[in-house]
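Please read them with the structure open.

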Amino acid sequence: MKKTILALATGLAMMIGAGAAQACDRGSEVCSFQLFNNTSVELESFWASPPSVDNWENDILGDRTLAAGRTMTIDMSDGRPDCIYDFKFKFADGDIVEKRRINVCRLGRYTLNE
């Protein structure tokens, strides 16, 4: 569905939790955010890798999916000091959306929109 690709690519939005200066404390290895699928299509895969990495790393969702209209806590506690990550999303209809240079240390919530 080509229309969905364009809608998702242009409608992808980052929302930082109100009042939260930091969502992650990289010193204590605690780093998570809420991923909200505000689309009408199930999210099948989600990758997050530092820009310095040449290939996408493991699918964070693994064997899970994120249904349309649902929220999931994403744990980014990977032991790295990095705060900046590139995101890649694959939806059940085959659409793939990439977003670059997301600061997970300041991210309280990330919303996928159509």
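Which residue in β7 is the bridge partner of F87? The partner is K99. The points below start from that pairing.

1. Basis. This is a predicted model, in which local features need pLDDT of at least 70, side-chain atom pairs count only at pLDDT 80 or more, and totals for chains, interfaces and linings use all residues. Residues are numbered from 1 along each chain as its sequence is written, and side-chain values use heavy atoms, with hydrogens and water left out.

2. The sheet. Three strands form an open sheet in the order β4-β6-β7, with antiparallel pairing. Its edge strands are β4 and β7, and each pairs on one side only. Neighbouring strands are turned by 20 degrees against each other on average, direction ignored. Axes here are lines fitted to C-alpha atoms, for helices over the stretch in contact, and angles run from 0 to 180 degrees between N-to-C directions. Strands are DSSP runs (E, at least two residues), numbered from the N terminus. Two strands pair if DSSP finds at least two bridges between them. β6 and β7 pair in the antiparallel sense over six bridges.

3. Salt bridges overall. A search of the whole structure finds three salt bridges. The term means a side-chain nitrogen of Lys or Arg within 4 Å of a carboxyl oxygen of Asp or Glu. Side chains of opposite charge can pair when their charged atoms come close.

4. K90 and E44. Their side chains meet in a salt bridge at 3.8 Å, N to O. The pair links distant parts of the chain: K90 lies in strand β6 (residues 84-91), E44 in strand β4 (residues 43-49), 46 residues apart. K90 is partly exposed, with a relative accessible area of 30%. E44 is also partly exposed, at 30%. For these classes, buried means under 20% relative accessible area, exposed over 50%, and partly exposed in between (1.4 Å probe, protein chains only).

5. R100 and D86. This salt bridge has an N to O distance of 3.2 Å. Here too, distant parts of the chain are linked: R100 is in strand β7 (residues 96-103), D86 in strand β6, 14 residues apart. R100 is partly exposed at 47% relative accessibility. D86 is buried, at 8%.

6. The network. E98 and R100 also meet in a salt bridge, at 2.5 Å, N to O. E98 is partly exposed, with a relative accessible area of 38%. Shared partners join D86, E98 and R100 into one network of salt bridges.

Methods:
Helices (H or I, at least four residues) and strands (E, at least two) are DSSP runs, numbered from the N terminus.
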